[in-house]
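Hi,

Here is the structure I promised to pass on to you.

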Amino acid sequence: MTTRALTETLRSGVLALGAGLVGFADLLVLDRPPFGRELSRAVSIAVPLDREVVRRVSRGPDALYAREYDRANGELERIARACAMVLSGMGYRALAMEPTCTPPEGSADTTPLPHKTVATLAGLGWIGRCALLVTPGFGSALRLCSVLTDAPLDAGEPWTDSACGDCYECAERCPGGAVRGEAWRQGVSRERLYDHAACRRTAEELSREAGLGSMAICGICMSVCPFTRAYADGGPSPGGDLALH
Ligand code: SF4
Ligand code: SF4
């Protein structure tokens with residue numbers, strides 16, 4: 001099978017499993033690829049969140065959002081494992097990573113290879129001012145996962161700059177003042193974009209007020225983003241032909 005045929009077969013298979021978006025990244029473009037040359041390709045998989053749930057979160061998290069968050073993570077785990085099994089069955093190495101989770105307070109970063117970094121390298125979207133992945137079609141209303149592999153997949157064109165334009169909605173609406181307002185470009189650290197500790201404290205407080213136990217979810221910046229709103233309201237993306245990236 002040619003590289004292109006393999007890539008397209010995997011793409012349609014992952015979409016058929018229920019993913020909303022799938023893309024392929026070449027990790028060797030990173031200064032220090034975290035898994036070396038052995039697992040130098042990654043499949044970026046995204047599962048969209050339910051539109052109705054997403055609309056409600058602009059007022060803060062609730063039990064429906066918590067349930068939707070868990071559902072999407074479960075779906076991602078299932079799809080990523082199935083994708084890895086297909087690749088293994090074809091004789092390639094493949095490792096399904098866990099879906100994104102909230103890092104513990106005080107931690108410097110989430111992981112050596114955040115799923116949203118893989119997604120930008122795969123060309124699925126850019127990083128917004130609030131440090132979430134933003135996509136033209138779904139905004140930030142997505143959960144993400146990655147599968148690392150040595151399969152020779154055709155990588156997408158990486159997204160290297162922000163397409164937030166003059167929007168500052170997430171910075172203005174963040175109840176914890178965590179979003180600093182800087183525009184992302186490839187290589188900018190998460191700390192330059194937002195204060196993780198302030199975000200975490202705010203998410204814990206909002207989750208406690210909503211009766212969500214030990215969860216620390218917020219979702220306001222995700223919900224208020226114009227790209228997310230366009231998805232949730234079923235209208236055209238504010239970025240127009242950005243979807244053609
Ligand atoms: S998740 Fe909530 S607290 Fe964190 S940056 Fe977004 S709006 Fe602010
Ligand atoms: S709300 Fe605006 S600034 Fe924030 S991520 Fe979305 S487009 Fe970018």
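How many residues in the lining of the second largest pocket are nonpolar, how many polar and how many charged? By class, that lining holds 9 nonpolar, 7 polar and 4 charged residues. Before I go further, please keep in mind that this is a predicted model.

To stay with that pocket for a moment: the second largest pocket holds about 260 Å³ of space. Its lining is made of 20 residues, and those closest to the centre are R11, V22, A122, G123 and L124. Two elements, α1 (3-16) and β1 (21-26), each give at least two residues to this lining.

Now for the largest pocket. Its space comes to about 730 Å³, and 24 residues line it. L30, P114, T117, G187 and V188 are the ones that lie nearest its centre. Both α4 (115-121) and α6 (190-193) supply at least two residues of the lining. The largest share comes from α4, with 4 residues. Sorted by class, the lining of the largest pocket has 12 nonpolar, 7 polar and 5 charged residues.

Next, ligand 2. The space it takes is the second largest cavity. Two elements give two or more residues to the shell around ligand 2, namely α5 (169-173) and α9 (226-233). Here is the shell, in sequence order:

- G128, R129 and V134 are part of it.

By class, the shell around ligand 2 divides into 7 nonpolar, 1 polar and 2 charged residues.

One backbone detail may interest you too. A131 has a phi near 75°, which is a positive value in a residue other than glycine. This residue is found in the loop between β4 (126-127) and β5 (133-134). Is A131 buried or exposed? Its relative accessibility is 2%, so A131 counts as buried, the cut-off for that class being under 20%.

Best wishes

Technical notes:
Residues numbered from 1 in each chain as written. Chains lettered and ligands numbered in written order. Predicted model: local features only at pLDDT ≥ 70, side-chain atom pairs only at ≥ 80, totals over all residues. Heavy atoms only, no water. Buried < 20%, exposed > 50% of the residue type's maximum accessible area, 1.4 Å probe, protein only. 1 Å grid on protein atoms, 1.4 Å probe; cavity = no way out; pocket = protein on both sides within 12 Å on 5 of 7 lines; lining within 4 Å. Points joined across faces, edges and corners; volume = space filled by probe spheres on them. Nonpolar A, V, L, I, M, F, W, Y, C, P; charged D, E, K, R; others polar. Near = heavy atom within 4 Å. Sits in = over half its atoms within 2 Å of the grid points.
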